[in-house]
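Me: Could you show me how to read the aromatic rings and the core in a protein model? Here is the one I have open.

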Amino acid sequence: MQTPADLRYSEEHEWVRLADGVATIGITDFAQEELGDIVFVELPAVGARLEVGKPLGVVESVKAVSDVYAPIAGTVAAINDKLAANPEIVNQDPYGEGWMLRLKPDDPSAIGALMTAAAYEAFVAKEKA
């Protein structure tokens, strides 16, 4: 799967799309592939405050249980309710319908500290090596 160029990426394999002052967050294709079949997603409540680098939720797969980390700080504006009944959407469409939450960022410019698609691809290539 192509790494979308319009997103920013964290070293913990989360992606962020900033549009109209709202950050949409999910896990990358690499992350969902490494996890395998996702069977459960736990997300924070709307209104929860997230801090950079702190867990925002949990993804459980047939292989492992993994924390998902906040790539930027802010307040949860929405969660993807579809994932409760259909967590496999994250495997099928990690950059689209598999988004996890929408965040009102404390500082929208913080997204600039995250990796570009090219930098993330280089980062993943090193991890695979």
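Me: How many aromatic pairs does the structure hold?

Reply: Start with the ground rules: this is a predicted model, where local features need pLDDT of at least 70, side-chain atom pairs count only at pLDDT 80 or more, and totals for chains, interfaces and linings use all residues. Residues are numbered from 1 along each chain as its sequence is written, and side-chain values use heavy atoms, with hydrogens and water left out. Now, a pair of aromatic rings is described by the distance of the centres and the angle of the planes. Rings of Phe, Tyr and Trp (its six-membered ring) pair if their centres lie within 6.5 Å; planes under 30 degrees apart are stacked, over 60 edge-to-face, the rest tilted. There are four such pairs here.

Me: Why is the pair of Trp15 and Tyr95 called tilted?

Reply: Their planes meet at 55°, with centres 6.1 Å apart, so the pair counts as tilted. Both Trp15 and Tyr95 are buried (under 20% relative accessible area; exposed is over 50%, partly exposed in between, with a 1.4 Å probe and protein chains only). Trp15 and Tyr95 also belong to one aromatic cluster with Tyr9, Tyr120 and Phe123.

Me: Which residues have the most contacts inside the largest nonpolar core?

Reply: A nonpolar core is a set of buried Ala, Val, Leu, Ile, Met, Phe, Trp, Tyr and Cys residues joined through side-chain atoms within 4.5 Å. In the largest one, with 23 residues, look for Ile27, Met100 and Leu103. Apart from it lies another core of ten residues, including Trp99 and Tyr120.
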